[in-house]
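I opened this one to go through its strands, a pocket and a few residues. My notes follow in the order I looked things up.

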Amino acid sequence: SASFQPRPDAAVNALLALPDGKTIAGGAFTNIAGAARSRLARFNSDGSLDPTFTGSATPAVRALALQADGRVLVGGTGILRLNANGAADAAFAAAVTGTVTSLAVQADGKILYATNQSALARLNADGTADATFTARATERIMEAMGHGHIAASGAAGLLCDIGRMGLAMVAPNHYKKVDPELKGIDLIAAEQRHLGISHPEA
């Protein structure tokens, strides 16, 4: 589209497609599409900047995820939640250690996140820690799968005690237990959807 001229002054690290055709961009930029924006901006379906979106974050945004109610999760130094107009949701307070590099929302509303400290954790929908979830290490969440399992990439050998590095599918509450019924094709499909590339190993 000729109207799409973002020209950010710094990196765009995350994009989130919304059901209404709009797209949220997050990154390190402070100016995008010729307007001052603090690390977050929303574009209309025709590519023009949405002036009604007031979202901002500091420092850089690393990850974005959409909740079922339309609110947006923003990962960086911590996790914040935005209402549909971009205003911060003051009721959401997530205690996070490290820089959030990946976010995913499960079908039950719980929130998965990975950090630059190779930590994986899960929050309840209100931002409180989910004490039922135990994890050891990973670098990135690929996808919260529809059947309740989680695809993750990174140090999978450390994470799952299975000696496999790169990509793993594990049961929803335990990152030390691999579900034996899930096969490589599900893992490959998850990575392809997330990154738009193929994986050479099954």
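**Entry 1: a polar contact**

I started with Asp130, where the side chains of Asp130 and Arg122 are joined by a polar contact of 2.7 Å. By polar contact I mean a pair of N or O atoms within 3.5 Å; within protein, one must be able to donate a hydrogen and the other to accept it, and residues adjacent in sequence count only if both atoms are side-chain atoms. A polar contact of 2.6 Å links the side chain of Asp130 to the side chain of Thr132.

Notes on provenance: this is a predicted model, so I kept local features to pLDDT of at least 70 and side-chain atom pairs to pLDDT 80 or more, while totals for chains, interfaces and linings use all residues. Residues are numbered from 1 along each chain as its sequence is written, and side-chain values use heavy atoms, with hydrogens and water left out.

Where does Asp130 sit? I found Asp130 in the loop between strand E11 (120-123) and strand E12 (140-144). Helices (H or I, at least four residues) and strands (E, at least two) are DSSP runs, numbered from the N terminus.

Is Asp130 buried or exposed? Asp130 counts as buried because its relative accessible area is 7%, and buried means under 20%, exposed over 50% and partly exposed in between (1.4 Å probe, protein chains only). Leaving aside neighbours within four places in sequence, I get Lys110, Arg122, Leu123 and Asn124 in contact with Asp130. Contact here means heavy atoms within 4.5 Å.

**Entry 2: the E9-E10-E11 sheet**

I see an open sheet of three strands in the order E9-E10-E11, with antiparallel pairing; two strands pair if DSSP finds at least two bridges between them. E9 and E11 are the edge strands, each pairing on one side only. Neighbouring strands of this sheet are turned by 20° against each other on average, direction ignored. For such angles, axes are lines fitted to C-alpha atoms (for helices over the stretch in contact), and angles run from 0 to 180 degrees between N-to-C directions.

E10 and E11 pair in the antiparallel sense over four bridges. I picked out Ala114, whose bridge partner in E11 is Leu120.

Ile111 belongs to strand E10 (residues 111-115). Why does Ile111 count as buried? Ile111 counts as buried because its relative accessibility is 0%. Beyond its neighbours within four places in sequence, Ile111 has contacts that include Leu73, Phe92, Leu103, Ala121 and Arg122.

**Entry 3: the pocket**

Next I asked for the second largest pocket, which has a volume of about 190 Å³. How many residues line the second largest pocket? Its lining has 14 residues, and Leu66, Gln67, Ala68, Val105 and Gln106 lie nearest the centre. Strand E6 (63-66) and strand E9 (100-105) are the elements that give two or more residues to this lining. E9 supplies the largest share, three residues.

Grid points are joined across faces, edges and corners, and the volume is the space filled by probe spheres set on the points.

**Entry 4: the E1-E2-E5 sheet**

Another open sheet of three strands runs E1-E2-E5, with antiparallel pairing. Strand E1 (12-17) and strand E5 (40-43) are its edges, each pairing on one side only. The twist averages 20° from one strand to the next.

E1 and E2 pair in the antiparallel sense over five bridges, and Leu15 has Ala25 as its bridge partner in E2. Their hairpin has five residues between the strands, and there Gly21 takes a positive phi near 95°.

Asn44 lies in the loop between E5 and E6. Not counting residues up to four places away in sequence, Asn44 touches Gly21, Lys22, Leu49 and Asp50.

**Entry 5: whole chain**

Last, I logged two helices and 14 strands in the protein chain. Buried residues make up 44% of its 202 residues.

Methods: 1 Å grid on protein atoms, 1.4 Å probe; cavity = no way out; pocket = protein on both sides within 12 Å on 5 of 7 lines; lining within 4 Å.
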